[in-house]
Number of protein chains: 2
Amino acid sequence: MPDTANNPNRKSWISVPTDSDFPIQNIPFGVFLTRDDVITIGTRIGDIAIDLGALHQLGYFNEIPLTDDIFLQDTLNDFISDGKKTWRLVRNRIAEIFDVKNETLKNNEEHRKIVLFTLDEIEMQLPVQIGDYTDFYSSKEHATNVGTMFRDPDNALLPNWLHIPVGYHGRSSSIVPSGIPIHRPKGQTMPADASEPVFGPSKLVDFELEMAFITTDANLLGEPIPIEEAEDYIFGMVLFNDWSARDIQKWEYVPLGPFLAKNFASSVSPWIVTLDALEPFRTDGPKQDPKPLPYLNYKGKKSFDINLEVDLSPENGAPTTITKSNFKYMYWNMSQQLAHHTINGCKVNSGDMMGSGTISGSTPDSYGSMLELTWKGEKPIKMSDGTERKFINDGDTVTMRGYCKNDKVRIGFGEVSNKLLPPFNPKKVKK
Amino acid sequence: MPDTANNPNRKSWISVPTDSDFPIQNIPFGVFLTRDDVITIGTRIGDIAIDLGALHQLGYFNEIPLTDDIFLQDTLNDFISDGKKTWRLVRNRIAEIFDVKNETLKNNEEHRKIVLFTLDEIEMQLPVQIGDYTDFYSSKEHATNVGTMFRDPDNALLPNWLHIPVGYHGRSSSIVPSGIPIHRPKGQTMPADASEPVFGPSKLVDFELEMAFITTDANLLGEPIPIEEAEDYIFGMVLFNDWSARDIQKWEYVPLGPFLAKNFASSVSPWIVTLDALEPFRTDGPKQDPKPLPYLNYKGKKSFDINLEVDLSPENGAPTTITKSNFKYMYWNMSQQLAHHTINGCKVNSGDMMGSGTISGSTPDSYGSMLELTWKGEKPIKMSDGTERKFINDGDTVTMRGYCKNDKVRIGFGEVSNKLLPPFNPKKVKK
């Protein structure tokens, strides 16, 4: 089943602004609430959201074997579960429907009114029900920076790091879409000069610039996914902000890893960009030395050239771009991550999400967290309004963007943008 | 809403064998497949399973505000979401229906045929769809044993342990009910005298004797659950075997905690015993010194006296009881665990599962894992068939049981019993 949707020469009858993340070659998938208070699965071209549930009801997908309600759902899990062949058929068909040469929907005003929405008429939702969320730690630069700051600069990487795509389980229930504000967490910390821990709001709230991939049902319990098949089970990718409280993390994380320092919130961009749409942007990954064990050996280009950047905006203030990084810097690629995750037979389901870990480049202006950018707060960042930041202040908004670009097409992810609020008001409303 | 279901003097018209875990005072909740291939929510008295979906359709719960299909589901999540008041109304009503003095159902042969099943007519399922699974590390004896073996006997507990109910996120997708066999995981390990990691089946597969509690929807994202309210959000408990691969764990776990060493499988007993049924077995917990921070301070008896034991059975061989422990040994109780888990605003949903961590007592015959019982394999266990075990062999079955008992009533959990199979045959069947 060839992917015809990413033909770079195709144009749409929906006008696409210059430098839009969403040309007709993208065709991402998301879930939104419409102006009529209906939840539906949709896609986007330019600044127009398209109701796939309505399109399907109107018969536009009749040639594709789909259940009647596949798009009339509040998550993409069932559609993702249908598998790669179906994803391609649907993307190819959407490309046809909106091709500038196809006048069927274009000339049907009644249908267009039902199917098309401007962005202010919809409210984006979390695109999947996330069964399990895993976070990897796959940027060598990030792991080296953290190891240098907290352990030993001469042995910054732990002995397993070059052999294993190190990962751990995170919390699914606290993952929210772009736009949802996040409360500064409270918790237990051990101040540098104290002998007893103290309780209060975290003083070191940070972002982590990550991307995450979303899987389909991949295996039986007990059954590993071979690395050469791994990409068949990856539906697509989103931007991922793994909010972190560094002071809570430092005190709690031995020996079982980060817990409350991370599970107060993570946020994602709402449009899942398919691996098919990213196909033109494959690139070689970093050389891996030592050579990984055979189950982690891969052939071909398994990395993707995705430009990433983070803006920090004070309350009512202008944004400052504080870092520019790239997904291609990741030492371990997604195929290696998924093959490793399942080598022991761990079950992977539709809608599971796997984060890359913080994506830092090799230069200080490409680091993926405040911890690294300000080097533990030693080098504060200058904001465009004249203030400084060591970590994130109440009222600040963190916005991450990502896009791929070549001479023919730009495929982007939109943004994940969330504001940090003061700690939750403890006046509890009982259920 | 008083709980009348655990009146210790009540008898049922269903006969209950001596020393059954399931007298009419228990009334646990589970999900099963019936002889007619229908999935339903049910309970159990003695050796009779009761179809609550059918009972509800026949009108036996008419006085309780329940949706029509609340029991005709394949998970308990929606029922648990209805909250503590509803759980009590339903348990109290079940106690009435099956009270020896109540002849309505007892004398209605037609209804009895629809509602009652012998155990060989049903197949127990996972009782909840587990959104997120957390594992704590709350036995001081277990943490001390592990710290002694792997770090420093003089500083076995890490500095945070007495201040924090240390926990981490585990994998929901690999949790299976009693009866499902588990494959020995493969993975990467670093042998003691090697300079490079090797790949192969784990040589050190272990069980961990745990219990887990199941929550209802408890809070908004950002909102902590005060410790004095924590038990209102705990539906009930199950036995929990947190299967572990010690050699994989040792190599992978720094700095982010256990991952593939644990997520190949965990197994649970299928009947959830409610906190209400455990009420007569409250007991004081261990003295906590130093005194925890105020958000972890509790009043009253928050521990439960639950006898636990583990049998190990070779393929076609007789079982050997290899340890006897008790849930009351836990240093941190469930209220403290849930208050800690949410102090940063982490969202807790209906069906979430939280494991206690390995429950070890103070004596070597009460340790909760092979790692501790055989002290890293240095002191093999003698089996009743004359063989020895350092860890778990292919073909072995691990069976955990748990029960509370006083002079009037015994409330038990049944068992979680799973066989260890050789590694998965790699002949992959593509979806």
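How many salt bridges are there between chain A and chain B? The count is four, where a salt bridge is a side-chain nitrogen of Lys or Arg within 4 Å of a carboxyl oxygen of Asp or Glu.

## Basis of the model

This is a predicted model, in which local features need pLDDT of at least 70 and side-chain atom pairs count only at pLDDT 80 or more, while totals for chains, interfaces and linings use all residues. Residues are numbered from 1 along each chain as its sequence is written, chains are lettered from A and ligands numbered from 1 in the order in which they are written, and side-chain values use heavy atoms, with hydrogens and water left out.

## The interface of chains A and B

Contact, meaning heavy atoms within 4.5 Å, joins 72 residues of chain A to 72 residues of chain B. The two chains bury about 6,500 Å² between them, 62% of it on carbon and sulfur atoms; buried area is the accessible area (1.4 Å probe) that two parts lose on being put together, summed over both. Of the area that chain A buries against chain B, 12% is supplied by A:Arg171, A:Leu256 and A:Phe259, more than by any other three residues.

A:Arg171 also forms a salt bridge with B:Asp132, with 3.6 Å between the closest N and O atoms. On the side of chain A that touches chain B, the largest share, three residues, comes from strand S7 of chain A; helices (H or I, at least four residues) and strands (E, at least two) are DSSP runs, numbered from the N terminus.

A:Ser174 is placed in the loop between strand S7 (167-169) and strand S8 (175-177) of chain A. With its neighbours within four places in sequence left aside, A:Ser174 is in contact with residues of both chains, among them A:Asn263, A:Phe264, B:Leu221 and B:Lys347. A:Ser174 counts as buried because its relative accessibility is 0%, buried being under 20% relative accessible area, exposed over 50%, and partly exposed in between (1.4 Å probe, protein chains only).

## Helix H3 of chain B

Helix H3 of chain B (residues 84-97) has 14 residues and, at 1.5 Å a residue, should span 20 Å, which agrees with the 20 Å between its end C-alpha atoms; the expected span is 1.5 Å times one less than the number of residues. This helix is mostly covered, as 10 of its 14 residues are buried, including B:Trp87, B:Val90, B:Arg91 and B:Ile94. The buried residues of H3 pack against several elements of chain B, among them strand S2 (39-45), helix H1 (52-57) and strand S14 (234-241).

B:Arg91 is buried at 0% relative accessibility, and B:Asp3 is buried with a relative accessible area of 18%.

## Other salt bridges

Over all chains the count comes to 55 salt bridges. In chain B, the side chains of B:Glu231 and B:Arg282 meet in one of 2.7 Å, N to O, and these residues stand 51 residues apart in the chain. B:Glu231 is buried, with a relative accessible area of 9%, whereas B:Arg282 is partly exposed at 22%.

In chain A, a network of salt bridges links A:Asp206, A:Glu208, A:Asp242, A:Arg246 and A:Lys262.
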